[in-house]
Amino acid sequence: MALDRKAPNDLNAFWMPFTANRQFKKNPRMFVGAKDMHYTTSDGRQVLDGTAGLWCCNAGHCRPKITEAIQRQAAELDYAPAFQMGHPVAFELANRIIEIAPNGIEHVFYTNSGSESVETALKLAIAYHRARGEGTRTRLIGRERGYHGVNFGGISVGGIVNNRRMFGSLLGGVDHLPHTHLPGQNAWTRGMPEHGANLADELERIVALHGAETIAAVIVEPVAGSTGVLIPPKGYLQRLREITRKHGILLIFDEVITGFGRLGAPFAAQYFDVLPDMMTTAKGLTNGVIPMGAVLTTGAVHDAFMQGPEHVIELFHGYTYSGNPIASAAGIATLETYKEEGLFERAAEIAPYWEDALHSLKGLPHVIDIRNLGLIGAVELDPIAGEPTKRAFNAFLSAYDRNILIRTTGDIIAMSPPLMISKAQIDTLIGTLADVLKKLD
Ligand SMILES: Cc1ncc(COP(=O)(O)O)c(C=O)c1O
């Protein structure tokens with residue numbers, strides 16, 4: 001029986017993720033097509049994508065090279081076992097990733113999502129120290145307001161209360177740095193805020209409390225996205241790097257949203273000129289088209305495992321779909337699309353225009369802060385008293401009715417358009433958002 005995909009007649013079976021299911025199912029919002037900067041809705045409208053899907057379609061939608069690569073690969077080699085067997089496409093993609101990664105990053109461990117990349121990196125950190133004879137280093141340090149996906153390691157080091165409070169006691173042996181949001185000092189900052197580098201020094205307090213020899217790793221998002229876009233204060237990431245290095249603690253950058261051009265450089269590590277020991281990635285790796293993630297490591301992290309008899313597996317970790325051929329082919333075609341179209345450079349070029357457009361919203365009703373970096377932007381709204389998140393959610397609904405896709409988290413509107421966005425499309429996105437804000441209760 002042919003499925004009428006434009007008009008599902010029963011929405012009950014699908015329990016939707018991170019969604020107000022009952023609200024949605026009363027008044028569904030369905031996308032049935034996409035091309036470049038736009039989605040097509042089931043009622044035939046063109047919606048401008050202000051969020052690159054979920055921060056992942058950095059090259060825009062339904063890009064021919066990626067589509068063709070997937071089709072070709074599916075017909076040629078659909079699947080190869082990921083353990084004890086290989087196929088050339090995964091090796092090729094790993095080399096291509098390393099080509100654009102910061103100097104010093106030399107290895108790629110494949111996963112299927114950002115959450116799995118985070119779990120993998122946390123496990124690698126603990127196992128790395130053990131492999132080097134420092135098995136007491138098991139403690140993991142995250143940060144308040146951090147988002148590292150939804151698995152147990154990720155929510156344990158993460159700092160978003162709604163993502164944690166329902167799920168029991170989480171991992172033990174975890175501490176959190178303070179978040180870096182200082183609205184009193186940094187509100188309305190364009191780009192990186194002046195104040196807050198000293199917040200990295202809190203790591204010294206955590207080290208003093210537990211002893212450096214108990215701490216495996218610190219994980220942070222270079223730019224915190226899901227919590228509502230927090231840009232790192234000037235000097236903060238450098239300071240974290242100094243302190244972690246001094247105490248032999250690994251530094252993990254969660255680059256799931258900052259990777260693949262979002263800041264106008266391949267990775268945030270290059271943008272901020274700070275080299276972590278590991279980087280977690282996903283999303284833009286395959287332009288969001290096929291699930292795939294990757295943990296990128298330095299030579300030192302990888303080499304610590306390469307010991308013992310050669311026939312013995314060095315790391316007891318991996319996924320059935322690690323380096324899946326079709327995902328790998330999508331990854332290669334995605335990286336080629338970024339390169340051929342100069343999309344990272346384009347993001348850097350258009351970022352000042354994006355910044356000006358965003359900050360033109362200052363003074364509109366309910367707007368209490370605006371933040372931006374690269375092609376990331378956030379507009380923070382004053383919450384409705386007693387009804388947190390409602391104002392921003394109403395803005396999201398009204399924006400959708402006016403044919404723009406934005407994203408909200410708490411009472412913050414977050415935007416991260418595909419890197420191919422034009423100035424005229426920025427005008428449409430921000431102009432429409434201005435209209436939405438003017439009419440918002
Ligand atoms: C920084 C960061 N880490 C991890 C994740 C989780 O990725 P996924 O949803 O692919 O598991 C996300 C998703 O938004 C993210 O922004």
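Helices, such as those named below, are DSSP runs of H or I with at least four residues, numbered from the N terminus. In this predicted model, helix H5, which spans residues 114-131, gives the most to the shell around the ligand, with three residues. The ligand has 14 residues around it, and those that come nearest are Ser 113, Gly 114, Ser 115, Gly 149 and Val 256. When the residues of this shell are sorted by class, five are nonpolar, seven are polar and two are charged.

Strands of a sheet pair through backbone hydrogen bonds, in either the parallel or the antiparallel sense.

The antiparallel part of the pairing is seen where strand S2 (residues 38-41) is joined to strand S3 (residues 46-49) by three bridges. In S3, Gln 46 is the bridge partner of Thr 40, and Val 47 is the bridge partner of Tyr 39. The hairpin of S2 and S3 has four residues between the strands, and in this hairpin Gly 44 takes a positive phi near 85°. On the other hand, S3 and S13 pair in the parallel sense over two bridges, with Leu 405 of S13 as the bridge partner of Asp 49.

The axes of helix H3 (residues 64-76) and helix H13 (residues 325-340) come within 8 Å and cross at roughly 155°. Since angles over 145 degrees count as roughly antiparallel, H3 is therefore described as roughly antiparallel to H13. The crossing of these two helices, H3 and H13, is right-handed. On the side of H3, the contact involves Lys 65, Ile 66, Ala 69, Ile 70, Gln 73 and Ala 74, which meet residues of H13 that include Pro 325, Ile 326, Ala 329, Ala 330 and Ile 332. By class, the contact of H3 with H13 comprises ten nonpolar, three polar and two charged residues.

Helix H16 takes part in the two remaining pairs. With helix H14 (residues 343-359), the axes come within 10 Å and cross at roughly 20°. The angle between H14 and H16 falls under 35 degrees, and the two helices are therefore roughly parallel to each other. H14 passes H16 in a right-handed crossing. Their contact is made by Ile 350, Tyr 353, Trp 354, Ala 357 and Leu 358 of H14, and by Lys 423, Ile 426, Asp 427 and Ile 430 of H16. The residues of this contact between H14 and H16 divide into seven nonpolar and two charged, with no polar residue.

The other partner is helix H15 (residues 390-401), which packs with helix H16 (residues 423-438) at an angle of about 130°, the axes lying 9 Å apart. This angle makes H15 oblique to H16. The crossing of H15 and H16 is right-handed. Ala 395, Ser 398 and Ala 399 of H15 meet Thr 432, Leu 433, Val 436 and Leu 437 of H16. The contact of H15 with H16 contains five nonpolar and two polar residues, and no charged ones.

Conventions. Residues numbered from 1 in each chain as written. Predicted model: local features only at pLDDT ≥ 70, side-chain atom pairs only at ≥ 80, totals over all residues. Axes fitted to C-alpha atoms, helices over the stretch in contact; angles between N-to-C directions. Parallel < 35°, antiparallel > 145°, perpendicular 65-115°, else oblique. Left-handed = near helix turned anticlockwise from the far one by under 90°. Contact = placed C-beta atoms within 7 Å. Nonpolar A, V, L, I, M, F, W, Y, C, P; charged D, E, K, R; others polar. Pairing = 2+ DSSP bridges. Near = placed C-beta within 6 Å.
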